[in-house]
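Please open the structure in a viewer and display it as a cartoon.

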Amino acid sequence: MLTPVIDEDGAPFWEYAARGELRVQTCAACAEPRFPPRPCCPHCQSFDSTWRRLSGRGRIWSFVVPHPPLLPDYAAQAPYNAVLVELADAPRVRLAGNVVDSPGAPLDSVAPARLRVGAPVKVAFAEIGGITVPRWLLERG
């Protein structure tokens, strides 16, 4: 499985995820959230930031169901989904991930027909390859 590459700017995101918290880097000067994390605010150019805890709720902004040829580690899990989730607390932030039935469920645990743009989701965390990653659960809505 592919695992994230953790750099200095993004390390706090993964540390909070390991604690079951969804946090996004936010500018301490203008309060704009930013993702991916980076040293300088693209809105006001401040280098001061904080990590704001979010509700973990959002909506599917976009999704795809990959078709062969697939990377070998993923072929056995097809059909699976890859989603972009727009966060309810930070609508300009979109996180990539997968919608699953439960945090540790396989990538193919949700039938593609159940997905739709705009569907409400909530974050759940699962340890994959030694790193805790956010995954998404469908909410009734």
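Begin with helix H1, whose buried residues pack against strand S1 (23-27), strand S2 (49-53), S6 and S7. Please bear in mind throughout that this is a predicted model.

To locate H1, select residues 11-18. Six of its eight residues are buried, and the helix is thus mostly covered. Show the side chains of Ala11, Pro12, Phe13, Trp14, Tyr16 and Ala17; these are the buried residues of H1. Next, select Gly20, which follows H1 and has a positive phi, near 80 degrees.

Now turn to the sheet. In what order do its strands lie? Five strands form an open sheet, and the order is S5-S4-S3-S6-S7. The pairing in this sheet is antiparallel. Select residues 90-97 for strand S5 and residues 131-138 for strand S7: these are the edge strands, and each pairs on one side only. From one strand to the next, the twist averages 40 degrees.

Return to H1 with the sheet still displayed. The helix packs on the sheet, where it touches strand S6 (120-128) and S7. Compare the directions of H1 and S7: the angle between them is about 70 degrees.

For the last stop, select residues 82-87, which make up strand S4. How many bridges join S4 and S5? The two strands pair in the antiparallel sense over five bridges. Finally, select Val83 together with Gly97 in S5; these two residues stand opposite each other.

Technical notes: Residues are numbered from 1 along each chain as its sequence is written. Side-chain values use heavy atoms; hydrogens and water are left out. Two strands pair if DSSP finds at least two bridges between them. Helices (H or I, at least four residues) and strands (E, at least two) are DSSP runs, numbered from the N terminus. Axes are lines fitted to C-alpha atoms, for helices over the stretch in contact, and angles run from 0 to 180 degrees between N-to-C directions. Contact means heavy atoms within 4.5 Å. Buried means under 20% relative accessible area, exposed over 50%, partly exposed in between (1.4 Å probe, protein chains only).
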